[in-house]
Amino acid sequence: MAETLAVINCSQVVTLAGAHRPRAGGDLRQLAILEDGAMLVRGEYIEDVGRRREIESRITPHCEVIDAQRRVLMPGFVDAHTHPVFAGIRANEFEQRASGATYREIAARGGGIRSTVRATRNASLSDLIKAGKRYADWFLRTGTTTIEAKSGYGLTLDDELKILRAIKELNDQTALRYVPTFLGAHDIPSEYQSRRQTYVNLVINEMLPRVAEEKLAEYCDVFCEEDVFTTDESWEILSAARCHGLGLRVHADQLTLSGGAKLAGELNCATADHLEHTDPTGIAALKAASVQPVLLPGSVYALGSKQYPAARQMIDAGLAVVIATDFNPGSSPTPSMTMVLSLACTQMKMTPAEAISASTINAAYSLGRGDELGSLEKGKRADFVIHDVSDYRELPYFFGIEHPWRVYASGKLTFAC
Ligand code: NIG
Ligand code: FE
């Protein structure tokens with residue numbers, strides 16, 4: 001018999017129970033909070049969530065009881081956009097940006113993504129797993145239990161496979177759940193500068209078939225941007241990925257209005273990510289094709305920009321908004337969803353409730369995991385966090401501090417403080 005545990009004495013159980021679909025409009029503010037609720041877990045799954053008295057009456061002698069002491073119980077965060085496998089760090093570029101250089105200037109002189117590509121190509125699989133475990137620990141202790149994880153710092157067949165294998169190992173060896181995405185089109189490697197189409201062909205004819213054959217990714221992503229992949233090239237790569245059965249995501253309109261959101265609509269992508277420069281036409285294209293926008297305010301903040309994506313217009317247009325960290329060594333070196341919640345509220349004028357929906361249930365739907373993750377409901381995975389606050393609004397309000405007191409993934413304790 002699977003072991004049971006009960007969480008009792010919560011000030012709020014933020015269940016996010018509701019319709020089985022991504023939340024849009026006013027539904028983003030409906031967190032379905034139980035003021036005096038409790039939860040019963042059996043093995044890896046949630047057995048029930050309900051009133052404290054009702055749950056307590058079902059506690060048996062072998063059940064482990066966790067007294068939350070009037071703290072908040074919530075689902076683990078689902079971080080739907082990360083680049084968590086890389087070698088080296090880029091604190092030097094951070095310093096250069098602090099002295100006035102821009103992200104694009106640094107990239108144009110061979111830094112940026114290409115500098116991480118050089119380091120990652122020189123790293124072994126075990127080097128990458130070792131570095132990745134450190135970051136997995138950061139995600140878990142900040143209350144994130146699932147991440148989408150992109151490759152993209154290899155840009156050769158072998159190095160992209162190495163990164164995706166590291167992601168698989170990290171999924172197996174840590175308590176964090178990884179949803180893998182192939183991002184071989186993250187940049188044109190320097191050796192292909194004068195032969196762009198040859199690199200696009202390599203991605204389509206050699207990388208994608210191997211990635212699909214070895215089942216190393218569920219999604220394919222492309223960095224569609226001026227100076228990186230054009231909309232035509234992105235279309236070619238994403239269409240090929242679809243033929244291999246992969247879901248589609250796209251880095252769209254991050255640094256310029258490059259047509260990425262429109263493309264995401266045309267291709268019915270699962271998500272269009274970044275969208276700092278997306279205009280009303282792009283927003284309409286996302287709406288028409290039910291594409292979920294994944295907004296990444298951490299990268300805007302860390303690049304020292306003021307151009308946050310138009311979250312309010314997107315919510316008003318009826319989009320099922322997601323927020324995520326974009327954890328990576330360049331534009332967004334943070335694993336903290338709490339930081340992202342704070343930025344979403346202060347810089348993008350989302351309400352705390354909207355930000356919570358966008359970082360849990362909506363993020364889960366954007367990864368095709370809406371039936372399994374993202375809310376505290378009977379039958380879902382027991383991925384949950386007890387935060388050391390008494391009201392969920394304190395999560396973005398008290399910023400610069402992490403709040404988890406206990407973090408559980410699939411019913412197992414993975415962090416305690
Ligand atoms: O999402 N925009 C492209 N990729 C990452 C940055 C990667 C890097 O700077 O290493 C992003 O911001
Ligand atoms: Fe990214």
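This is a predicted model: local features need pLDDT of at least 70, side-chain atom pairs count only at pLDDT 80 or more; totals for chains, interfaces and linings use all residues.
**H7 against H8**

On the H7 side I found Arg 196, Gln 197, Val 200, Val 203, Ile 204 and Leu 208. They meet Glu 233, Glu 236, Ile 237, Ala 240 and Ala 241 of H8. Sorting the residues of this contact by class, I got seven nonpolar, one polar and three charged.

Next I looked up how the two helices lie. H7 covers residues 196-213 and H8 covers residues 231-243. Their axes come within 10 Å and cross at roughly 10 degrees. Angles under 35 degrees count as roughly parallel, so I noted H7 and H8 as roughly parallel to each other.

**H6 against H7**

Then I turned to H6, residues 157-173. Its axis and that of H7 come within 10 Å, and the crossing is at roughly 25 degrees. That makes H6 roughly parallel to H7. I also wrote down the handedness: H6 passes H7 in a right-handed crossing.

Which residues make this contact? From H6 I listed Leu 157, Glu 160, Leu 161, Leu 164 and Arg 165. From H7 I listed Glu 206, Met 207, Arg 210 and Val 211. By class, that contact has five nonpolar, no polar and four charged residues.

**H5 against H6**

I moved on to H5, residues 125-141. H5 and H6 pack with their axes 9 Å apart, at an angle of about 50 degrees. I therefore put this pair down as oblique to each other. The crossing of H5 and H6 is right-handed.

For the residues, I have Leu 125, Leu 128, Ile 129, Gly 132 and Lys 133 on H5. Their partners on H6 are Lys 162, Ile 163, Arg 165, Ala 166, Glu 169, Leu 170 and Gln 173. I sorted these too: six nonpolar, two polar and four charged. Arg 165 had turned up in my list for H6 with H7, and here Arg 165 is in the contact of H6 with H5.

**Ligand 1**

Last, I checked what sits around the ligand. How many residues surround ligand 1? I get 15, and the closest are Tyr 103, Tyr 153, His 186, Gln 254 and Ser 331.

I followed up some of these for polar atoms:

- For Tyr 103, an N or O atom of the side chain is 2.5 Å from an oxygen atom of ligand 1.
- For Ser 331, I noted 2.5 Å between a side-chain N or O atom and an oxygen atom of the ligand.
- For Gln 254, the ligand atom is a nitrogen, and a polar side-chain atom lies 2.6 Å from it.

Technical notes:
Residues are numbered from 1 along each chain as its sequence is written. Chains are lettered from A and ligands numbered from 1 in the order in which they are written. Side-chain values use heavy atoms; hydrogens and water are left out. Axes are lines fitted to C-alpha atoms, for helices over the stretch in contact, and angles run from 0 to 180 degrees between N-to-C directions. Helices (H or I, at least four residues) and strands (E, at least two) are DSSP runs, numbered from the N terminus. Angles under 35 degrees count as roughly parallel, over 145 as roughly antiparallel, 65 to 115 as roughly perpendicular and the rest as oblique. Contact means heavy atoms within 4.5 Å. Ala, Val, Leu, Ile, Met, Phe, Trp, Tyr, Cys and Pro count as nonpolar, Asp, Glu, Lys and Arg as charged, and the others, Gly among them, as polar. A crossing is left-handed if the near helix is turned anticlockwise from the far one by less than a right angle, and right-handed if clockwise. A residue is near a molecule or strand if one of its heavy atoms lies within 4 Å of it. A polar contact is a pair of N or O atoms within 3.5 Å; within protein, one must be able to donate a hydrogen and the other to accept it, and residues adjacent in sequence count only if both atoms are side-chain atoms.
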